[in-house]
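This report covers the surroundings of the ligands in one structure. Please look over the sequence and the model before reading on.

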Amino acid sequence: MPRVLTGITPSGALHIGNYFGAMQPAIELQDGGNAFYFIADYHSLAGLTNAKERRAYTQGIALDWLACGLDPEKAIFWRQSDVPEVSELMWLIGSLTPTGLLERAHSYKDKLAKGIGPSFGIFAYPVLMAADILLFDTNVVPVGKDQKQHLEMTRDIAIKFNLTYGETFVVPEEYILEEVAVIPGLDGQKMSKSYGNTVEIFGDEKTLRKKIMNIVMDSRTRQEPKPDAGKNLAVQLMKFVAPAEVAADFEARLRAGGLGYSDLKKGLFEYYWDFFAPYRARCAELAANLDYVEKVLRDGAEKARAVGNKTMDRARLACGLR
Ligand code: ADP
Ligand code: TRP
């Protein structure tokens, strides 16, 4: 079974786009018995400067993942900063990384264009990400398309180190989740923390109901047939949270005319709320048992560290630090 690794940055509350696009597939992959998942708190330093928020988001992600089915018996789950060797490895590989490679990173250019940075953290972000991946002899990294270039850079960096100092790192394969649908947000763009258009996985019922009931629809009357029902945002979201036949029935009724938008949105809210109900119960249990959550992360870090230390021994020896 190839080793699977992925990280998620604690930069906000997780939403249903994260769930269907990243968490659900990752949780399925844990059954292979070689899954490494971590909370990328070092990465969050490059954007977020509020310590309290970082702590809260990190804890939130731990709760969300465990509540949604990450099983610490099957997958290794840890907080990045509990395995500090990753920052040492970042220096080893960063010393060989051409600045031209980093200057070409889309995410870096996008951030500069938005007026964020420029800081060393933002510039060196892909090197830290490469260190995350190489430290654990990773074979495949399931991520969204936006991370494709970072993976190519990881491969380039690994190959360069291997050519310079001899075979040291496993060169990871590309595994871009092309087939994962992009979940639209409440304004029809991709759902994203940065667009303020999210439906969180967990949160207050009243607030979330209001968010869904406030989705803007057009002004056609209830009775009017709507031949474009398949493009309706509430119908699209329904397909993720309701059984296929239920979603198809809502769509057919909207198409034929007679189903009002507010009934459609009420339906969407109910199915969304029920979909996550068992996870919500588990999340509440975990929130009342934070010592357990902390222990999972610490035990995970210990296991991850044992694997990472072997790679570090190899890397230090290869480049003559030992
Ligand atoms: P955000 O855009 O909200 O900041 P991240 O960039 O932190 O999300 O993404 C974390 C993971 O969730 C990535 O693997 C990404 O591909 C996935 N993801 C995020 N938003 C969506 C979406 N709307 N649809 C599908 N997958 C998504
Ligand atoms: N950069 C990734 C993101 O923003 C998060 C991440 C950090 C990551 N290190 C990683 C993903 C290593 C995969 C592997 O989504």
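## Terms and model

In the residue classes used here, Ala, Val, Leu, Ile, Met, Phe, Trp, Tyr, Cys and Pro count as nonpolar, Asp, Glu, Lys and Arg as charged, and the others, Gly among them, as polar. The model is predicted.

## The shell around ligand 2

By these classes, the shell around ligand 2 holds eight nonpolar residues, five polar ones and one charged. There are 14 residues around ligand 2, and those that come nearest are Gly7, Tyr125, Met129, Asp132 and Gln147.

Three elements, β1 (4-8), α7 (120-135) and β4 (140-143), each give at least two residues to this shell. The largest share, four residues, is from α7.

## Polar contacts of ligand 2

For aspartate 132 the distance is 2.8 Å, for glutamine 147 it is 3.2 Å, and for histidine 43 a polar side-chain atom lies 3.4 Å away. Ligand 2 exposes 370 Å² when taken alone, and the protein buries 87% of that.

## Ligand 1

Around ligand 1 there are 13 residues, of which His15, Ile183, Met191, Ser192 and Lys193 come nearest. By class, this shell has five nonpolar, six polar and two charged residues.

A polar backbone atom of isoleucine 183 is 2.9 Å from a nitrogen atom of ligand 1, while a backbone N or O atom of lysine 193 lies 2.8 Å from an oxygen atom of the ligand. In the side chain of lysine 190, an N or O atom is 3.0 Å from a nitrogen atom of ligand 1. Taken alone, ligand 1 exposes 540 Å², of which the protein buries 83%.

Technical notes: Residues are numbered from 1 along each chain as its sequence is written. Chains are lettered from A and ligands numbered from 1 in the order in which they are written. This is a predicted model: local features need pLDDT of at least 70, side-chain atom pairs count only at pLDDT 80 or more; totals for chains, interfaces and linings use all residues. Side-chain values use heavy atoms; hydrogens and water are left out. A residue is near a molecule or strand if one of its heavy atoms lies within 4 Å of it. A polar contact is a pair of N or O atoms within 3.5 Å; within protein, one must be able to donate a hydrogen and the other to accept it, and residues adjacent in sequence count only if both atoms are side-chain atoms. Accessible areas come from the Shrake-Rupley method with a 1.4 Å probe; for residues, only the protein chains shown count as cover.
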